[in-house]
Amino acid sequence: MEQLVNQVSERVGISHDKAVQAVQVVVGFIKDRLPSPIASQIDSALSGQPGGGLANQAERPLEDLGDMFRQKS
C-alpha cells in the first residue's frame, strides 16, 4: 500500500499524509462494493505479500495445468 500512497503523493502533488487518507478512502469505497470474498483480497494484494491477491492465487493452478500438457521426456 505504501507504493500506492507514494505514487498518489508524487503524481497529484499532495503530502504523504493526505495521500494516505485518499488511498484509504478509495480502498474503502472499492471494498464496500465488492463481494466479500474478493473484497477481503484487497488488503493482501495492497500489502505486497507473496501469495496475496487473486492473480497470485490463480498462478499455481495455471502452472499445474501447463505441466499437465507438457510432454514428459
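Modeller: Accessible areas are calculated by the Shrake-Rupley method with a 1.4 Å probe, and for residues only the protein chains shown count as cover. The accessible surface of the protein chain is about 5800 Å², of which 56% belongs to carbon and sulfur atoms. This is a predicted model, in which local features need pLDDT of at least 70 and side-chain atom pairs pLDDT 80 or more, while totals for chains, interfaces and linings use all residues. Residues are numbered from 1 along each chain as its sequence is written, and side-chain values use heavy atoms, without hydrogens and water.

Biologist: Why does Val 27 count as buried?

Modeller: Buried means under 20% relative accessible area, exposed over 50% and partly exposed in between (1.4 Å probe, protein chains only). Val 27 has 11% relative accessibility and therefore counts as buried. Of the 73 residues of the protein chain, 15% count as buried.

Biologist: What makes up the secondary structure of the protein chain?

Modeller: The chain has 4 helices and 0 strands. Helices (H or I, at least four residues) and strands (E, at least two) are DSSP runs, numbered from the N terminus. Val 27 lies in helix α2.

Biologist: With which residues is Val 27 in contact, leaving aside neighbours within four places in sequence?

Modeller: Contact means heavy atoms within 4.5 Å. On that basis, Val 27 is in contact with Ile 42 and Leu 46. The C-alpha atoms of Val 27 and Asp 43 are separated by 8.7 Å, the two residues being 16 residues apart along the chain.
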